[in-house]
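Subject: Structure for your files

Hello,

Here is the structure I said I would pass on. My notes on the contact between the chains follow below it.

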There are 2 protein chains.
Amino acid sequence: MSLKRKNNKSTQVPEPTLRRLPGYLFFLEKVREKGVINISAPTIGKELKCDPTQVVKDLAVTGIKGKPRVGYNTYELCHALEEFLGFNRVNEAFLIGAGNLGTALMAYQEHQTLGIKIIAAFDVNEDKIGKHVGGIHVLEYNKLFHLSNRLDVKIAILTTPNNVAQDVAEDLVNCGVKAIWNFTHCNLDLPDNIIVEDISMSSFAAVLLRRLNDSEE
Amino acid sequence: MSLKRKNNKSTQVPEPTLRRLPGYLFFLEKVREKGVINISAPTIGKELKCDPTQVVKDLAVTGIKGKPRVGYNTYELCHALEEFLGFNRVNEAFLIGAGNLGTALMAYQEHQTLGIKIIAAFDVNEDKIGKHVGGIHVLEYNKLFHLSNRLDVKIAILTTPNNVAQDVAEDLVNCGVKAIWNFTHCNLDLPDNIIVEDISMSSFAAVLLRRLNDSEE
DNA sequence: ATATATTAAAGAAATAATTCTTTATTAAAA
DNA sequence: TTTTAATAAAGAATTATTTCTTTAATATAT
């Protein structure tokens, strides 16, 4: 994580909590479809196999109050969670680097249910420019600068080769991007106010392989 | 994380450390290519923008010792990290669910540098069976049971729709799989000895969108 | 050869997150 | 209407992780 973001730290929701919230949302949507009106924290905890007090604490960040002996209103909670997470808005995003991973993410439509909509992709490679994946065009990288002037896109998904990641990230910041979803293995050096969310497959592989090793003694 | 894995907990490396190790490895490989023989923890810390004592603690898990006033031997460290993480081995994996995300991961060859090699993909959809992506065949799901008898595959990548994820995961466990890389939004209910590594895009989206919201006050 | 500055290693303190405990609320039952 | 049981909320204790501090080692310069 970034070294310093002390400004509104006190009001900031802990990352572990944030990471758990979508899980609650998916579960609540499921039970709501079955017609459940109210659900208690202990019930949620049992289903999701986590501590019931943790559930209460996590859900408290949405501002929704539960009633003793009744629990939470599922409709209210779902709505509040979507609102809190921003999943019910359309947050437009650029994607840079239309290689294997990039086109994969373009084809993977599910971001839209997560409130993120890739509206354009960019690449420097002639072979990739003009392609059309999942309803998204791959444009020439230089067009990024023109387009970002007209559109107010705050999110970028970075799927370039590692060696150009830093340069591209700086370009993106200059284009007004405020948050970068970084799929490269680079640790980007950007101004403090830019949100960088690193999602390195290598970290996941590391944990998986090591734990597998551990379990085999 | 799973509720209980107290068996060798004392010897177990903390997850945050594990997640940082690939970053060190990539950086060290880079400087090693430039001919750097020795590197100190403070130097690594400066480059990777993290605490130098943290670097020392993290690298200590590999068993490699640094020398005062000299630092660590880059060759030794790279080798030890690869060995420790399992990145220098070929860990074979099955992939289940050849949809958008599944085929994406098949095309995304980079797993191989992370020690994970998808050797076969499976799906129930007729249209997908027989496909060939990134050198990997999509086989009929039922063939999984035969194939797992002959091959000793311990890792599975789960990219099915959410509603079948639990059933498929149970099949996988019955086929001898010990670790599941779970890309679905389900929290799988499996025996304690099975390693489950959840990588839900929704959690990442949640953190990104929320932090973006926070920064906009 | 000696002193010095740099550094790794080990341990302590601080911080963050989770789990446990208590309290207060409230719907349902008597 | 009163009692009871279930539950959310608030706070305390525990645990895990990170940062800080001290100590010991050693290559380089004097």
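This is a predicted model, and one link between the chains can be named at once: Lys154(A) and Glu216(B) form a salt bridge through their side chains, with N to O at 3.7 Å. Across the interface of chain A and chain B, two salt bridges are found by the rule. Polar contacts between the chains come to 10 residue pairs, both residues being at pLDDT 80 or more.

On the side of chain A that touches chain B, the elements that give two or more residues are α1 (15-33), α2 (41-48), α4 (74-85), α5 (100-107), β8 (179-182), β9 (195-198) and α8 (201-215) of chain A. Of these, α8(A) gives the most, with 15 residues. By type, the residues on this side of chain A are 32 nonpolar, 13 polar and 16 charged.

As for extent, 61 residues from chain A and 61 residues from chain B take part in the contact. The two chains bury about 5,800 Å² between them, and 67% of that lies on carbon and sulfur atoms. Phe204(A), Leu208(A) and Arg211(A) account for 13% of the area that chain A buries against chain B, more than any other three residues.

Regards

Technical notes
Residues are numbered from 1 along each chain as its sequence is written. Chains are lettered from A and ligands numbered from 1 in the order in which they are written. This is a predicted model: local features need pLDDT of at least 70, side-chain atom pairs count only at pLDDT 80 or more; totals for chains, interfaces and linings use all residues. Side-chain values use heavy atoms; hydrogens and water are left out. Contact means heavy atoms within 4.5 Å. Buried area is the accessible area (1.4 Å probe) that two parts lose on being put together, summed over both. A salt bridge is a side-chain nitrogen of Lys or Arg within 4 Å of a carboxyl oxygen of Asp or Glu. A polar contact is a pair of N or O atoms within 3.5 Å; within protein, one must be able to donate a hydrogen and the other to accept it, and residues adjacent in sequence count only if both atoms are side-chain atoms. Helices (H or I, at least four residues) and strands (E, at least two) are DSSP runs, numbered from the N terminus. Ala, Val, Leu, Ile, Met, Phe, Trp, Tyr, Cys and Pro count as nonpolar, Asp, Glu, Lys and Arg as charged, and the others, Gly among them, as polar.
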